[in-house]
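This briefing covers a structure with its sequence, shown below. The points after it are grouped by topic.

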Amino acid sequence: MSGTYLGMPAFPEAAAESTRDRRLRGNLRHATHTIRDKRARAVAELDDWSALRAAGAALKDRTLRHLDHYLEQLEERVTAAGGQVHWAADAEEANRIVTRLVRETGETEAVKVKSMATQETGLNDALERAGIRAYETDLAELIVQLGDDLPSHILVPAIHRNRSEIQEIFRTRMADWGRPAPDGLTDRPADLAEAARLHLREKFLRARVGVSGANFMVAETGTLVVVESEGNGRMCLTLPETLISVVGIEKVVPTWQDLEVYLQLLPRSSTAERMNPYTSTWTGTTDGDGPSAFHLVLLDNGRTDTLADTVGRQALRCIRCSACLNVCPVYERAGGHAYGSPYPGPIGAILTPQLRSTASALDASLPYASSLCGACYEVCPVAIDIPEVLVHLRERVVQGGPAVVRGEKVVLRPARGHAAERAAMRAARWTLDRPRALRAGQRLAARGRRLVPRRLPGPGRAWTDTRDLPAVPAESFRAWWRRTRGDGAGPAGGAGPTDGAGAGR
Amino acid sequence: MSGRDVVLGRIRAALADVPRGERPEDVPVERGYLRAHGNRGTAATVDLLAEHLADYRAVVHRCARAGLPELLARLLAERGSRTAVVPRGLPPEWLAASDVRLLPDRPGTTPHELDAVDSVVTGCAVAVAETGTVVLDAGPDQGRRRITLVPDHHICVVRVPEQVVDSVPQALERLDPARPLTWISGPSATSDIELDRVEGVHGPRTLEVVLAGE
């Protein structure tokens, strides 16, 4: 993948661009609506869903509050079972470790299972620079890699592409990476899947090194779990001689039994299936079956900074199901690329600014990429209160304050772009404290209401770029109340200006 | 400082709000969910397994155990299979009636060799009715993970009712995490094109499950 998220514009600019792309909006609307209804049906089959959800959240909270304990336990069990554990404080360190491990095998290529962690670290580019070619094998990741594109969805990275675009990418690009697309390839999904099967087959069969992430790691047993559909995961996990798994430290769960919660929550929330086609679990290495060398790279890369925030911490419960993306009205219209990170949608809007801090204009804009409608919280299988964290992060962006960045305690300064908004809020506070000034201001505004523009001039323009200015009423509520005492138009003490025509009064 | 010390140090600093004496089990986890959804009885559980397997496009067959050799021979013949890889511990009588060439699961077999094999026949460790899943644990009648992955046609025999459980929690109780496990729910599939499910990608494109009763 040669695409990069670096230097991308802040969300409002990116979204202003992407919302004008009618094909993109059509593709996203079609895909998210398809999965939305299916998810609702899959969830409705289980009448204990809310209890599962509560347990899923509580187990993650238990893990997070004692993360050091569980990671040390995990390390011990993985090592005892024949695996080797490595720790990476940031993306560069993780990439360095993986590059070294691949080099030690003497190989110059690796097959990869879809992994959010390695998207986050930019592993493919790092390997490429070291002369190692990483082949993405998940169908959607393959589409992204061949198309020299960026992922735009957690579960289906190529969700922004429709079948005819995929057909075109396969026809024109597959030959550059190996076996060309079959002659006369149609845009039928089954034919496209077949083309991917043929293209990747040779790579799987000769692969000596596999790179994966993991959905869960069990501290008690040292077991890793990969949940997938296509069988590309099984290929990468079992055929190569060396397996390297890069996994975020928050993916650990305490016990084997705890999987009974997540293996029910995850498939129904993500692909809306009772169970995904394939789930693989492995503990270290097994003689004569699968890789003889197993490396686990535990990745921090901003997770401990997130953990330090007692409100934002809940984002680390995330099991990457993508249900929140699929229901989000903002994601559906803006698309995943506008979020400028491998984690788009509502979860990305709270995870990215915590993993990377809110220093860049892009990351500071993400907590605002939401209407706070709360649909994401509703569907989240581990009950992450995304709106709560969004508001919390907006506060941090506007007001600044203490935070932890790369393990260091810092005091963030208020974001510059929000100076006008802060000034407006200060002025509002002053006015609202002074009834006379408020009255005078409101009278003035009402008289000049025809003159109010649709867009504010000067520093206020940024605010109205993404909002419509509310209409100014002819008479303020306060003035109306003063004039009528509330009894001119309805029953005493209860009515407002629009409530005067109550029947039978 | 090693990466390990850095990460663990950061975690401990980040958790300054957690009281010193708190133990992991002090964080309450309410397991108010069900061990199984509904109370069906054995026959209905097997029926549900069959229904859910078929729902995800596995081809389901039912027979008495005595009828297994005949059924397996017929399925392999109908598929046109000439070769089948079999785990070392597969009961030999299961394939006694078939004339396909049997290749035993050996550690030295290369992926390319497996790619040239038509079918694979295995047993399973447990099957989950609620989700339509068969679980392999690399036991003697299931073999190495690769043999059920590379060939394009997998026949999996479930001994009913004793290998069938209702739910995911019950399945996990029966399974040993030290063994490599493969949970299979239908043939390989993808939702990557417009979030619509299509069967048949890298794993076996045809999964036949035989529910063999007493």
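Helices (H or I, at least four residues) and strands (E, at least two) are DSSP runs, numbered from the N terminus. On that basis, chain A has 23 helices and 12 strands. The model is predicted.

**Chain A overall**

- Along the principal axes, the C-alpha atoms of chain A fill a box of roughly 90 × 55 × 45 Å.
- Chain A has 505 residues, of which 50% are buried.
- Counting contacts in chain A between residues at least 6 apart in sequence, 73% join residues at least 24 apart.

**The parallel sheet of chain A**

- Six strands of chain A form an open sheet with parallel pairing, in the order β1-β10-β7-β4-β2-β3.
- The edges are β1 (83–88) and β3 (133–136) of chain A, each of which pairs on one side only.
- From one strand to the next, the twist averages 25°.
- Within the order of the sheet, β7 of chain A is listed next to β4; β4 (residues 209–212) and β7 (residues 242–248) of chain A pair in the parallel sense over four bridges.
- In this pairing, A:Ser212 has A:Ser245 of β7(A) as its bridge partner.

**Helix packing in chain A**

- Helix α16 (residues 345–355) and helix α19 (residues 386–399) of chain A have axes that come within 10 Å and cross at roughly 40°.
- α16(A) and α19(A) are therefore oblique to each other, and the crossing in which α16(A) passes α19(A) is left-handed.
- On the side of α16(A), the contact is made by A:Pro346, A:Ile347, A:Ala349, A:Ile350 and A:Pro353.
- On the side of α19(A), A:Ile386, A:Val389, A:Leu390 and A:Leu393 make the contact.
- The residues of this contact between α16(A) and α19(A) divide into nine nonpolar, no polar and no charged.

**Contact between chains A and B**

- The contact takes 82 residues from chain A and 63 residues from chain B.
- On the side of chain B that touches chain A, at least two residues each come from α1 (3–14), α4 (111–115), α5 (168–174), β9 (181–184), β10 (189–193) and β11 (196–199) of chain B.
- α1(B) gives the most to this side of chain B, with nine residues.
- By class, the residues of the side of chain B that touches chain A are 31 nonpolar, 18 polar and 14 charged.
- Strand pairing also links the two chains: β9 (residues 278–283) of chain A and β9(B) pair in the antiparallel sense over four bridges.
- One of the residues in this pairing is A:Tyr278, whose bridge partner in β9(B) is B:Ile184.

**Backbone details**

- The peptide bond between B:Val160 and B:Pro161 is cis, with omega about 0°.
- B:Pro161 lies in the loop between β7 (153–159) and β8 (164–165) of chain B.
- A:Ala272 is not a glycine but has a positive phi of about 60°.
- The loop between α12 (259–270) and β9 of chain A holds A:Ala272.
- A:Ala272 counts as buried because it has 22 C-beta neighbours inside 10 Å, where the cut-off for a buried residue is 20 or more.
- A:Asn301, also not a glycine, has a positive phi of about 45°.
- A:Asn301 lies in the loop between β10 (293–299) and α13 (303–307) of chain A.
- With 22 other C-beta atoms within 10 Å, A:Asn301 is buried.

Conventions. Residues are numbered from 1 along each chain as its sequence is written. Chains are lettered from A and ligands numbered from 1 in the order in which they are written. This is a predicted model: local features need pLDDT of at least 70, side-chain atom pairs count only at pLDDT 80 or more; totals for chains, interfaces and linings use all residues. Two residues are in contact if their C-beta atoms, placed from the backbone, lie within 7 Å. Ala, Val, Leu, Ile, Met, Phe, Trp, Tyr, Cys and Pro count as nonpolar, Asp, Glu, Lys and Arg as charged, and the others, Gly among them, as polar. Two strands pair if DSSP finds at least two bridges between them. A residue is buried if 20 or more other C-beta atoms lie within 10 Å of its own, exposed if 12 or fewer, and partly exposed in between; C-beta atoms are placed from the backbone. Axes are lines fitted to C-alpha atoms, for helices over the stretch in contact, and angles run from 0 to 180 degrees between N-to-C directions. Angles under 35 degrees count as roughly parallel, over 145 as roughly antiparallel, 65 to 115 as roughly perpendicular and the rest as oblique. A crossing is left-handed if the near helix is turned anticlockwise from the far one by less than a right angle, and right-handed if clockwise.
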